[in-house]
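Reader: I am new to this structure and would like to understand the words used to describe it. Could you take me through them with care?

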Amino acid sequence: MKDEPLPGEDIPLENIEEARALLGPLDGNARLILDLHGVHLLTREGGLRLMGEPREVGLVRKVLEENLEKLRAGEQVSSTEIGEQLRVADITGTMAAGAADARFANHVTTRVRARTEGQARYLRDLADNDVVFAVGPAGTGKTYLAVAEAVRAAKAGEVRRIVLVRPAVEAGEKLGFLPGDFQAKVDPYMRPIYDALQDLLEPGQRERYLETEVIEVCPLAYMRGRTLNQAYVILDEAQNTTIPQMMMFLTRLGEHSKMVVTGDPSQIDLPQGVQSGLIDAIRRLKSVAGIRVSKLSREDIVRHQVVQRIVAAYSGKG
């Protein structure tokens with residue numbers, strides 16, 4: 001029995017130059033379309049043939065046809081921009097008559113509800129401010145809720161990518177002394193962020209977004225020299241940044257972007273005599289417009305109930 005042929009649609013083209021503009025150098029966008037959407041592109045006389053699942057074909061066709069219209073109107077069409085649009089279409093689903101992937105939507109929204117008054121206030125702060133500092137003890141949802149809100153923003157098309165950052169190893173980020181390649185050195189320190197992504201995204205989606213850099217996870221040192229536009233940027237474990245590192249991070253904020261800085265001032269691992277960049281930044285910036293300090297307490301801990309008692313015992317309040 002022969003396999004059923006994949007359903008497909010055609011995009012008529014006027015010349016080979018239109019195909020080259022849409023597919024990008026060395027057919028890079030064609031490979032991206034296959035990776036993100038599972039859609040095969042065939043160049044044929046008179047146009048492009050798109051083959052795959054109908055929903056995914058519809059998403060890809062919408063992106064390509066919109067750029068084809070621009071091309072024919074004499075506008076410049078960048079293959080890089082097309083690639084970004086394809087990534088956004090993949091994570092949002094808004095290119096297909098505004099219909100989002102229901103499985104993805106349900107998977108996220110069932111986990112983004114605040115479970116305490118402090119968490120509800122934190123989510124409001126995230127919605128209303130460009131930069132939010134979230135401070136509080138372990139288990140209060142500082143990082144989890146920030147990642148969930150970043151996924152929601154990407155799904156809604158508010159940002160094009162999510163950048164998740166952590167100080168690696170220690171404030172000096174001495175990765176070179178660890179065994180293995182770069183990824184092997186970094187992964188243990190990124191694990192809490194990966195854990196949040198594992199809860200919020202289905203495995204196939206998570207891997208696809210990481211591979212295509214819709215979601216980027218990196219150590220703080222690799223933020224130097226960058227400007228992050230249309231991004232949702234989260235710095236976790238910020239109590240272990242130095243003052244220069246914190247200033248470097250905060251000044252990466254670009255157009256149409258948001259930043260969340262999370263940390264627990266009671267768990268500073270910096271060398272003795274080195275001041276925490278988190279504490280310093282809160283002192284300096286707490287009255288700056290567009291910046292909000294959101295404080296969570298042990299009453300907001302939503303892990304196992306015994307965690308509240310552990311935090312209380314160690315803080316001398318039990």
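What follows is a conversation about the terms and the values behind them.

Author: This is a predicted model, in which local features need pLDDT of at least 70, side-chain atom pairs count only at pLDDT 80 or more, and totals for chains, interfaces and linings use all residues. Residues are numbered from 1 along each chain as its sequence is written, and side-chain values use heavy atoms, with hydrogens and water left out.

Reader: How many helices and strands does the protein have, and what makes a stretch count as one or the other?

Author: There are 12 helices and nine strands, where a helix is a DSSP run of H or I with at least four residues and a strand a run of E with at least two, numbered from the N terminus.

Reader: What makes S6, S5, S7, S8, S4 and S9 strands of a sheet?

Author: Two strands pair if DSSP finds at least two bridges between them. Strand S7 (residues 231-235) and strand S8 (residues 258-263) are joined by four bridges and run parallel, and in S8 the bridge partner of Val233 is Met259. Five bridges join S5 to S7, again parallel, with Arg161 opposite Ala231 in S7. Five bridges also join S5 to S6, which run parallel, and here Arg166 has Pro219 in S6 as its bridge partner. The six strands form an open sheet in the order S6-S5-S7-S8-S4-S9, with parallel pairing.

Reader: Why are S6 and S9 said to stand at the edges?

Author: Strand S6 (215-219) and strand S9 (291-295) each have a single partner strand, so one side of each is left without a neighbour in the sheet.

Reader: Why is H10 called oblique to H11?

Author: Two packed helices are described by the angle between their axes and the distance between the axes. Axes are lines fitted to C-alpha atoms, for helices over the stretch in contact, and angles run from 0 to 180 degrees between N-to-C directions. Helix H10 (residues 243-250) and helix H11 (residues 277-285) pack at about 60 degrees, with their axes 8 Å apart. That makes H10 oblique to H11, since angles under 35 degrees count as roughly parallel, over 145 as roughly antiparallel, 65 to 115 as roughly perpendicular and the rest as oblique.

Reader: Which residues make the contact between H10 and H11?

Author: With contact meaning heavy atoms within 4.5 Å, Ile243, Met246 and Leu250 of H10 meet Gly277, Leu278, Asp280, Ala281 and Leu285 of H11.

Reader: What is the pairing in the sheet S1-S3-S2?

Author: These three strands form an open sheet with antiparallel pairing. Five bridges join S2 to strand S3 (residues 47-51), and Leu41 has Leu50 in S3 as its bridge partner.
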